[in-house]
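Please read this briefing with the sequence and the 3D structure side by side.

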Amino acid sequence: METIDFATSPMQNFVFLGKKFFIKRDDLINKDFSGNKARKFAYFLHHKPLHVKNIISYGSNQSNAMYSLSVLAKTLHVKFLYVCNHIPSFLKQNPVGNYKEALKNGMEIFTNDNPKQFAQNLTCKNSLFIKEGGAIKEAEYGIKVLADEINEWAQDKKYDIFLPSGTGTTALYLQKNTRLKVFTNPCVGNEEYLKKQFLELEENEKIHPTILNPPKKYHFGKPKIELFHMYEMLKKSTNIEFDLLYDPIGWITIEHNLQVFKNPIIYIHQGGLLGNVSLLHRYAKKFKLNL
Ligand SMILES: *Cc1c(COP(=O)(O)O)cnc(C)c1O
């Protein structure tokens, strides 16, 4: 693997919650490198950092960003060092999902009580250090390409854009690069946390996305049966598999705020399906589901 092709991702439509939605299929960008992490890290594919000998990052042991960085490192022929808090012995013995595939791509994994600090200490002048979840300025480069694709498709018609947020990086740079209004909801932390994340990347609040909230708080990554039901309902009515970590909270937020949208909604499918493998195991175990 030397380069990765980026084709324009398809726009599809379906009816859900009694409303017509357009869906931007960023999950289909590329089989190995897709979703918003591909958009965020595209910069480094097109501006190969020649001095870089290793990529260093940190975060959860099933992170989508971790997997995508392992693909990036493999493509650039550099090492990938990743630090997480903890790896359950069950996962070590039975690798699945992002963890399994990132290891296959050559990831060297470390554990430490303070992953960020430990990752920073591993960094030398030949390292490319990536903040957790890819909350970096370089992400704008690839997210602008997404915005341009949507702008081109929308022409001069009116649409609202919706996507669920983790770090908020994708929503922020999308809003910065389109005249359409971007709506998002926090999945990690609350509205305050998300606003802070926006401010770290962009001081001008006028170009921040509009935050909507789900009807109740969800603890990030914790299986909840209504999230699984939303995932299943989406799959049944659209024939599309959505991510199980962010998308169900996103769709619950849309359902709860339907009256806010003045225009047809474009929903961004941000990928993350490899992460579903491990999460589905956890759902099956917790709710005794027969999956
Ligand atoms: C990483 C990720 C998000 C969150 O993206 P941010 O730019 O951090 O807000 C949402 N959905 C999926 C599927 C992801 O992998």
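In this predicted model, strand 8, which covers residues 181–184, is joined to strand 9 by two bridges, and the two strands run parallel. Within that pairing, Phe-183 has Thr-210 in strand 9 as its bridge partner.

- Strand 1 and strand 2 run antiparallel and are joined by six bridges, and among the facing positions Val-15 stands opposite Lys-20 in strand 2.
- These two strands, 1 and 2, form a hairpin with two residues between them, and in the turn Leu-17 has a positive phi of about 55°.
- Strand 2 also pairs with strand 10, this time in the parallel sense and over five bridges, with Lys-24 standing opposite Ile-268 in strand 10.
- Strand 2 (residues 19–25) is largely enclosed by the rest of the structure, because five of its seven residues are buried.

- Helix 7, made of residues 169–176, is mostly covered, since seven of its eight residues are buried.
- The buried residues of helix 7 are Thr-169, Thr-170, Ala-171, Leu-172, Tyr-173, Leu-174 and Gln-175.

**Ser-70 in helix 2**

- Ser-70 is found in helix 2, which spans residues 64–76, and Ser-70 counts as buried because its relative accessible area is 1%, where buried means under 20%.
- A polar atom of the Ser-70 side chain lies 2.6 Å from the backbone oxygen of Tyr-67.
- When the neighbours within four places in sequence are left aside, Ser-70 is in contact with Phe-80, Glu-101, Ala-102 and Asn-105.

**Cysteines**

- How many disulfides does the count give? The count comes to zero disulfides, where the rule asks for a pair of cysteine sulfur atoms within 2.5 Å.
- Cys-187 is buried, with a relative accessible area of 2%, whereas Cys-124 is partly exposed, with a relative accessible area of 44%.

**The whole chain**

- The secondary structure of the chain comes to 11 helices and 10 strands.
- A compact globule with 291 residues would have a radius of gyration near 19 Å, and the chain, with 18 Å, agrees with this expectation.
- The C-alpha trace spans about 50 × 45 × 35 Å along the principal axes of the chain.
- Of the 291 residues in the chain, 52% are buried, while the chain exposes about 14,000 Å², of which carbon and sulfur atoms supply 51%.
- Among the contacts in the chain with a separation of 6 or more, 73% are between residues 24 or more positions apart.

Methods: Residues numbered from 1 in each chain as written. Predicted model: local features only at pLDDT ≥ 70, side-chain atom pairs only at ≥ 80, totals over all residues. Heavy atoms only, no water. Buried < 20%, exposed > 50% of the residue type's maximum accessible area, 1.4 Å probe, protein only. Pairing = 2+ DSSP bridges. Helix = DSSP H or I, 4+ residues; strand = E, 2+ residues; numbered from the N terminus. Rg over C-alpha atoms; globule rule 2.2 N^0.38 Å. Contact = heavy atoms within 4.5 Å. Areas by Shrake-Rupley, 256 points an atom, 1.4 Å probe, with all protein chains shown as cover. Polar contact = N/O pair within 3.5 Å; in protein donor to acceptor, adjacent residues only side chain to side chain.
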